[in-house]
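Take a look at the model below.

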Amino acid sequence: MTSTHTKAHLHSTLCSLLLVSALVVSQPVFADDYADVNRLIKANQMSEALSKADQYLALKPRDPQMRFLRGVIQSDSGKTNEAISIFSRLIEEYPELPEPYNNLAVLYAGSGQFDKARTSLEMAIRTNPSYATAHENLGDIYAKLASQAYAKALQLDASNTGVVPKLALIRDLFLPAGSRPSVNVKPTLPTVATAPATPVSPVVAPIQPKAPTVVTASPNGINQPSVAPPAVSNALAGQDAESAALAWAKAWSDRDMKAYLSSYSQDFSPPHKQTRAAWEEERKSRIMGKARIAVKLTEITVKVNGTTGVVKFKQDYKADSLATTSRKTLEMVKSGDRWLITKEISG
Amino acid sequence: MFRFLRCLAACLAVSFLSDGAWLSDSWAQTRTGQKSRAAKARSNATVNYEAEARLIEVYRLIGAGKSREALGLSSQLVADFPHFQLAQLIHGDLLSLQTKPIKTFGDIPATMNKNGTVAALTELREESVQRFRALRDRPQAGTVPSQLLGLSTRNKHVIAVDASKSRLYLLSNSPQGLHLVADFYISVGKSGISKYLEGDLKTPLGIYYLTTPIDPKLLAPLYGGGALPINYPNPFDLRLGKTGSGIWLHGSPPERYSRQPKSTDGCIVLANPDLQKLMATVAIKTTPVIIASQLQWLTPVQLQPERRQFEASLDAWRAAKNNGQAELLYSFYAADFNNYGRTLKDWWPSVAQSLKMAHRRPFQWHEVAVLLWRTEPGSKNPNVMVVTYDEYSPGIKQPTTKRQYWVQAGNQWKIFFEGAIATS
């Protein structure tokens, strides 16, 4: 990747963050200051840009937009480590903004750390469930187009090159504020100068630190049968929960819809407020739409407390020509002698 | 993605492409003005170089690590040339690259890995290698195929085929000398080269001439709308007992832009735009077609000693003829001489007759072309000179165009075929 590319990517993200922040952050907007710094960056007057940014930050040291711009200045000035540290801090404080992840990825890629760049980009996509869905859909489309091109290359019957990909439809456009950041963070706006001051979307999500999603405890079972001491019981139950997770991954790999769907509890809450039926339908089309799937779980950790448990792992997912690796958490409940999934959390 | 791209570049062995310095001017021209280029491709099916030059540009961008630009160009390329299989293959890889690492050039999904696709993939990879080889090892400026000892002004063009590179070179001949006009990827016989027998699926090697073209209306779609037959088997082939016929330069079927390097029944097959260009350029009968396992490119100066050595024999033959020295002249002809089936004994009286008048009005020779059919490596066949000329016989105003085949035996050159040839 050339330096011109790096710059181009940084800039495209720079503009969008300004807009997002203008929409999202509930503090006075000093658009003129941002525009000035932005203009100086574009004119490649880095030292002037930096001193202006520093002046501003002396008054408002926590301002995310100006800190972001400062990161861009450092990056453009070749001060990669300083830039990385700025974007990393921003990520810690605002984990739901995709732009710092993107810029961090650009910097990692520029220094040859492609695995870190990949992780960072995956995080950027995961800041918004819609991105992840769009990304997965795009992956399916690329794979399908590739199949078609290969079929033409090899003069195969085009109708023979696998099924049409079933794409997941995003079913909920308007979620309550706070449940996700605005969808209008897509970095498509050309410049700050042309970015309208009017909000693009009425949906304005305040930046809030995300609540931890890990279930750490569950109600103490009152009528728990305790044949074994709790520690032993929990260890055995932990094995059972892990086996259940592995069985779930196998059913998914085998495209065994019956076994796969029966891994989920009656109380399972489908994502995006889908109904259970709609979710099952979507899973069916997505899983059966693939010619082959391989799901591998590694780095599995299990926490069990009575009849509830949390299984965390790294999920290697391969489907046809798509391959992704992500972290996943399954919240489970014991029902009879089976462990069933009540919640499935990515990231 | 960056890492994956580097792998694809390595798979293609295109790293040397990144500077683009080896590209000749004609390639460079097609690299500019992308928009007009695509429009031109649609409006004019005979755009020369077009598809291959654009494919190479895609490779170059991959070599330079610019996968997105490469994907943009490959998208346009397959839109303009949907039957260009090799372009589809690289396009497929560039699309796959958006979602996963590419392990090999033509990284098809496992689900497509069925009977037949392995062979098809191998052939496309070979086509890629062959196109590259030809573009990397360009003939040096000022050199000509070593068969071309001398041409007449009537030979406006020469076609030279290098089977080792799957390449056809089109040269133009003018008072300023020979120069390379264009070169195209070609396919040869399924069983390779050095045709000997009818049905052996091989492409002949040697010195040929274009004969009467086939009326495109009579051609099956397989031939891609045009065919330029060559005179296989020629007198030397017949002398060696070779069989077979119907060796043509022709186009590709509608469903394929180009064919695999070894895929024909013995013909030389071009992409249709390339064949159209060739048909629009060359004259029949007077265009030599050299087919060699590997062409050797030399400067005219380097070819001079061989030319002079043979010209001595040719001059001695002329002198014997104009001096009326029948016995000496007879010694120039091989015992197995042949004139369209006539033996030397049958043919000689007509020669002896013409000699009688030569002392009063001598023979004249014009438009002499001398091509050396070099012994192929590993072949026991001798060198053969193919000499074409206009002969003015005593007392006859109109010249006759004749062709001789001389065979080398030690230091001696002997004529084993001489006869008039059709000129139109």
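Is W279(A) buried or exposed? W279(A) is buried, because its relative accessible area is 3%. Here buried means under 20% relative accessible area, exposed means over 50%, and partly exposed lies in between (1.4 Å probe, protein chains only).

This is a predicted model, in which local features need pLDDT of at least 70, side-chain atom pairs count only at pLDDT 80 or more, and totals for chains, interfaces and linings use all residues. Residues are numbered from 1 along each chain as its sequence is written, chains are lettered from A and ligands numbered from 1 in the order in which they are written, and side-chain values use heavy atoms, with hydrogens and water left out.

**Chain A**

Chain A holds 11 helices and 4 strands. Helices (H or I, at least four residues) and strands (E, at least two) are DSSP runs, numbered from the N terminus. Chain A has 347 residues, and 43% of them count as buried. Contact means heavy atoms within 4.5 Å. Take the contacts in chain A between residues at least 6 apart in sequence: 60% of these join residues at least 24 apart.

Q239(A) sits in helix 9 (residues 230-253) of chain A. Q239(A) counts as exposed, because its relative accessibility is 53%.

**Aromatic rings**

Rings of Phe, Tyr and Trp (its six-membered ring) pair if their centres lie within 6.5 Å. Planes under 30 degrees apart count as stacked, over 60 as edge-to-face, and the rest as tilted. Over all chains, the count is 35 aromatic pairs. Two of them are set out here.

| Pair | Type | Centre to centre | Angle between planes |
|---|---|---|---|
| F268(A) and W279(A) | tilted | 4.7 Å | 50° |
| F81(B) and Y257(B) | edge-to-face | 5.3 Å | 70° |

F268(A) lies in the loop between helix 10 (257-261) and helix 11 (276-288) of chain A, and W279(A) lies in helix 11, so the pair ties together parts that are 11 residues apart in sequence. F268(A) counts as buried, because its relative accessibility is 6%. One aromatic cluster includes F268(A), W279(A), W248(A) and Y317(A).

The pair in chain B links distant parts of the chain, 176 residues apart. F81(B) is in the loop between helix 5 and helix 6, while Y257(B) is in the loop between strand 8 (248-250) and strand 9 (262-264). F81(B) and Y257(B) are both buried.

Q260(B) is also found in the loop between strand 8 and strand 9 of chain B. Q260(B) counts as buried, because its relative accessibility is 16%. Leaving aside neighbours within four places in sequence, Q260(B) is in contact with E123(B), Y185(B) and S187(B).

**Where the chains meet**

In the interface, 34 residues of chain B are in contact with 26 residues of chain A. The two chains bury about 2,400 Å² between them, 69% of it on carbon and sulfur atoms. Buried area is the accessible area (1.4 Å probe) that two parts lose on being put together, summed over both.

How many salt bridges does the rule find across the interface of chain B and chain A? It finds 0. A salt bridge is a side-chain nitrogen of Lys or Arg within 4 Å of a carboxyl oxygen of Asp or Glu. On the side of chain B that touches chain A, the largest share, 8 residues, comes from helix 6 of chain B.
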